[in-house]
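Please read these points with the sequence and the model side by side. They are meant for someone meeting the structure for the first time.

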Amino acid sequence: MPITRRQVLKGTAAGAATLATGVFRPAIAASEPIRIGYLPALTGPSSSTGIGINRGTVLAVEEINAAGGINGRQIELIVRDTQSDPTKAVNAATELTRRHKAHVIWGPLNSGEALAATPLIARDGVPQIHPCWVDALTDVKKYPLAFRNAPTSRQIGGAANQYVVQILKLKKVAVVSDTTGYGTASVDTYVPMLKALGADVVYQGNVEANNPDLKPDMLRMQAAGAQVIMPWSVNAGFLSRIINTRAEMNWDIPIVGQTTLGSGQTKALLKKPEYWDKVYSNNFRNCSYNAAGALPPRTVEFVDRLRKAKIEMSDTLLWWIAMGYDGPRMIADAIKAAGSEPEQIAGYWNKVSAWPGVYGTITWTPDLHDGFQNSEIIMCQANSLQDGAFKLAPGYVG
Amino acid sequence: MIESIVSYGLALGAVYALIGITYNVMFAASRVFSFSAGAVGMLGGVFGALFIDRLGMPVVLGFLAVLAVGALIGIVTEIVTVRPVLKSLEQHLYVLSTLAFALMIQQLVAIEWSTEPQPFPRVLPFGPGIFDQQFWLPMLACGSTILGLELLYRHTLVGRAFLAISEDNYAARALGLPERELRLASFALAGAIGALAGFTGGEMMLAYFGNGPLLNFYGFVPVALGGMGSNRGAVAGGLALGLFQQSANFLVGGVFASVAVFVVFILVLLIRPEGLAGAAAARRV
């Protein structure tokens, strides 16, 4: 019997309809790879963080795939370098959610890019984990599928405040920042928190980061009787000038604040290495050496694995690598236990309790997608960096 | 307190004055305010750190290389951003072209160098204290530059040719002076002076890509205060600005110090729009 053109068209239409209705979808879905859309800044100004996190992320994906994948499905890591540019992060996020139909987004890895990209990822209904600190980046109503596996800015400031007031037992505090949005917002947020802890904020100010002479403001702090300086800035020039000026004034008080205080950039701008003494920067308990010089057992095992994989640690920070390692593992655990649909992944994460990451122990609830534990945010000795990790600041137990 | 006001104030003021002179030298040759002056200053610090700290050049060689880079940037500024818009000077297109060029330089430095401030090497083994080289080096550079320019403009034929084209470039051309080459040479000289400002102020301000806009603004203030085209006025304005800024840092502190500088700047311009040392321009009626 000859086949007519009408029959061919009917058959094609029926086939297309069958595919569209999804009769064969489960079979395809069960074998297709899990697509993780990954948005690191591998180049540009924020790339030092991105490169560190990337080492952990790549290792985690390689390990999961080598062990057979997630329920037999391999992870396909679709990487888009945001080049530290929020505009590129937005474009890349849209490409990953719409064109590549990513099951999950891991990133962006810095707050500027996440502020731009998170609303779009939420709009496309794709689950997301990011490690960015800006408080507004999780909101269970606006972004019900966005989860944070890192502390918030309030937690970071809170840890520094607690260290000053409750461990160092210092009450007269000088809080200073540069004039950037981050700096001024930090001072505005952390000063009331300090006062609530019973501290007396004797100096509060914002100074231009480029100002080469900070002595006038430091003299004001000294005259006000400050016992500790808490600078909030990511500008290594500004922070190093505070440290240098403190030494030149022969003013022996601690400086307690943001992680940049312990960065290599800050160190490079110090006039003498010993000026870095009594400077304590934010860090994370799981990635810090205790008084005996040992890392926690979970982290020791992780470091051994990094060494076996020949992953360099000396030119980056251990907590960046650990954070990068935890992201894909949290995604894999969710898909393994619940499935790869957005609501299945988010449903699993909403019930995660004390998930044992290398970077942090994470607990999420339907009402709170900030999972990092306050107890795991600590201060460390800024001048103690060794193989990417710092020593706990004096006063901590364990 | 007085020590700090004087040492930092005069040193910063000298850097501002040198950037002001950079503006003036470019302006004299072209009637154009090139807003790449601050960017050249920033490059003086960045290339100083690159040549001496990173590439290990001897200080003298590194210093000369920095001046050469500054001169080269000055020449490129003239060719790329000034020459094409000279015919339509009244439309002030040079504001856009020179600012765009400065932004390009800044972004390139951010990408290729660093967005973080980098240390600047100690050039001479003097200091610390108020006699630290970071304070007197910019002052020495400023004094030498103004002296050198006076000698150049008043005692050499080339200097007089510079003055001729700045007074009336049409008449100068009619007399057979090579206007284009002289303008190019002026921009090279201005670039070298800008780089000198950044180099000698490098230890104070660090090798930082963000210094460009700051120097652009604070370098323009002495020009406006001292009168456009007046190098002596720029030096007086620059030193006064540095001392005032540092005094404001001590007296009011924080961001209010910058506000105080802006307030005085606006007040001076309201009272004497031609600047403290400038003369009101005559207008044909």
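**Notes on the predicted model**

1. Chain A holds an open sheet of five strands in the order β2-β1-β3-β4-β5, with parallel pairing. Two strands pair if DSSP finds at least two bridges between them, and helices (H or I, at least four residues) and strands (E, at least two) are DSSP runs numbered from the N terminus. Because β2 (75-79) and β5 (146-148) of chain A stand at the edges with a single partner strand each, one side of each is left without a neighbour in the sheet. From one strand to the next the twist averages 25°.

2. On conventions, this is a predicted model in which local features need pLDDT of at least 70 and side-chain atom pairs count only at pLDDT 80 or more, while totals for chains, interfaces and linings use all residues. Residues are numbered from 1 along each chain as its sequence is written, and chains are lettered from A and ligands numbered from 1 in the order in which they are written.

3. Within the sheet, strand β1 (residues 34-38) of chain A pairs with β2(A) in the parallel sense over five bridges, and A:Gly37 has A:Ile78 as its bridge partner in β2(A). Helix α3 (residues 47-66) of chain A lies across β1, β2 and β3 (104-106) of chain A and runs at about 155° to β2(A); axes are lines fitted to C-alpha atoms, for helices over the stretch in contact, and angles run from 0 to 180 degrees between N-to-C directions.

4. Chain A as a whole has 13 helices and 15 strands, and its C-alpha trace spans about 105 × 40 × 35 Å along its principal axes. Of its 398 residues, 49% are buried, a residue being buried if 20 or more other C-beta atoms, placed from the backbone, lie within 10 Å of its own.

5. How many residues of strand β10 (residues 279-284) of chain A are buried? Six of the six are, so β10(A) is largely enclosed by the rest of the structure. Three bridges join β10(A) in parallel to strand β9 (residues 255-257) of chain A, with A:Val256 partnered by A:Tyr280. Strand β14 (residues 377-381) of chain A runs antiparallel to β10(A) and is joined to it by five bridges, and here A:Asn283 stands opposite A:Ile378.

6. Between the chains, 23 residues of chain B are in contact with 18 residues of chain A, where contact requires C-beta atoms, placed from the backbone, to lie within 7 Å. By class, the chain B side has 12 nonpolar, 10 polar and one charged residues; Ala, Val, Leu, Ile, Met, Phe, Trp, Tyr, Cys and Pro count as nonpolar, Asp, Glu, Lys and Arg as charged, and the others, Gly among them, as polar.

7. In chain B, the axes of helix α3 (residues 59-82) and helix α8 (residues 179-200) come within 6 Å and cross at roughly 135°. The two helices α3(B) and α8(B) are therefore oblique to each other, given that angles under 35 degrees count as roughly parallel, over 145 as roughly antiparallel, 65 to 115 as roughly perpendicular and the rest as oblique. The residues of this contact of α3(B) with α8(B) divide into 16 nonpolar, five polar and two charged.

8. Helices α1(B) and α5 (residues 133-155) of chain B pack at an angle of about 35°, with their axes 8 Å apart. Their contact has 12 nonpolar, three polar and no charged residues.

Notes: Buried ≥ 20, exposed ≤ 12 C-beta atoms within 10 Å, placed from the backbone. Contact = placed C-beta atoms within 7 Å.
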